[in-house]
Amino acid sequence: MDTDLDRNAGMKVFTSRQGDIYLGNVGDGLQKAIRSLEPSLVFILADDDTAQHCVPLVESLADTAIPPIVIASGDQHKTIDSCETIWASLVESGADRESLILNVGGGMICDLGGFTASCYQRGIRFAHIPTSLLAMADAAMGGKTGVNFGGYKNYIGRFENPAFIWTDPTFLRTLPRQETLDGLAEIVKHAIIGSHGLWETISTFDSPESMEWYQLLELNIPVKLHISDADPFEKGRRKTLNFGHTIGHALESHFLHSTEPLSHGQAVTLGMLAETKLAHLTGLLGKEDFKSIIDLILRLLSPCEVTLPTIDALRPWLQGDKKKSGGSVGYSLPDSIGNCRWDIKVEETLVRESLDWVNQVRKG
Ligand SMILES: NC(=O)c1ccc[n+]([C@@H]2O[C@H](COP(=O)([O-])OP(=O)(O)OC[C@H]3O[C@@H](n4cnc5c(N)ncnc54)[C@H](O)[C@@H]3O)[C@@H](O)[C@H]2O)c1
């Protein structure tokens, strides 16, 4: 994807309870950040794609002679089996309590590497070097780590913060277009739930191809940090991050075993369309903001064409979310652009109506 990445924007540091987040070129200080931790050994974890496209930019800065640990790409490999592979490599190379793991990859590698490190010898340090837009904008921050289990996403995991995060938009040069759209969906979500300023900036762009990622990430990072700092264990406000994800996760699970599974971002985009409609139907979201949100999603996120299943087909997956929250399904719904409520209970007939509407609106 062609982007304005060459702008010499300098390096920016965001400090938070979750540790420092650096935004800038890895060449401008990654080595120093690693050395300041005085690790006994440095390990690099990557998947097949990031080993090829991203590790070469990091390897020489990491001061390590140990070959990268490489896991097959794809969310189907975010499993306990992959953890075992990583733990075995760590043991074989003599990793001890003072070792450091650099997670060089998208959300899959950040989640997997963070969880694996947090369990090895009761926990060793790790740092995220997110390489996908989704990981830069969302997954690397907030302290959630984990793996998929028993057909459910992220069912086994821990809250554990990295020693630091290094976000370098240069990596986005090799990211495939759909992966870019997946990450953009999370940035749009952050704007809707928590930042009118971010919303206005996104709205100025005509297409994902023209976006300035440094500028957008600079505005996006504080939204995720602020919400997850305020509520690290998801007891209240952090649930707003689930906007688009209740129906989105159900769709992702439903299509998981179809011939064309949805990516996380495609599912979230469809989930945001449905849940924006739901917010309007419940009377929370006014007509003007409703229309602006739908227009922007249709214009910039290219929602995929798949026909959404009925509520009857989705119910078991929505119930999976319900089990996690210990009651009925609670939705996170915006009441205006830049503000979101959580734990909203809605009538199933309105969910049905929203799903039907999403099937119609993409044809229009
Ligand atoms: N922890 C959290 O708070 C949180 C939040 C959102 C999502 N997630 C998790 O994140 C995962 C999704 O993340 P994702 O969309 O980054 O998927 P991913 O990590 O599977 O990456 C998608 C693909 O893009 C490739 N890729 C990544 N960076 C690249 C680059 N610079 N150049 C070329 N290819 C590159 C990857 O190798 C992979 O093949 C899911 O497991 C999801 O559950 C976690």
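The buried residues of helix H4 pack against strand S3 (42-47), strand S4 (69-71) and helix H5 (107-119), where helices (H or I, at least four residues) and strands (E, at least two) are DSSP runs numbered from the N terminus, and where two residues are in contact if their C-beta atoms, placed from the backbone, lie within 7 Å. The model is a predicted one, in which local features need pLDDT of at least 70 and side-chain atom pairs count only at pLDDT 80 or more, while totals for chains, interfaces and linings use all residues. Residues are numbered from 1 along each chain as its sequence is written.

**Helix H4**

The residues of H4 that are buried are Ser-82, Ile-86 and Leu-90, a residue being buried if 20 or more other C-beta atoms, placed from the backbone, lie within 10 Å of its own, exposed if 12 or fewer, and partly exposed in between. Because they cover an arc of only 80° around the axis, they lie on the same side of H4; the arc is that of the directions from the helix axis to the C-beta atoms. On the other side of H4, Asp-81, Glu-84, Ala-88, Val-91 and Glu-92 are exposed. After H4 comes Gly-94, which has a positive phi, near 80°.

**The two domains**

The chain is divided into two domains, with bounds that come from an automatic or database domain assignment.

The centres of domain 1 and domain 2, taken over C-alpha atoms, are separated by 26 Å.

**Around the ligand**

The ligand is surrounded by 30 residues, of which the closest are Asp-49, Gly-106, Gly-107, Met-108 and Ser-132; a residue counts as near if its C-beta atom, placed from the backbone, lies within 6 Å of the molecule. Helix H2 (48-53), H5, helix H6 (133-139), strand S8 (152-159) and helix H7 (177-194) are the elements that give two or more residues to this shell. Each of domain 1 and domain 2 contributes at least three residues to the shell.
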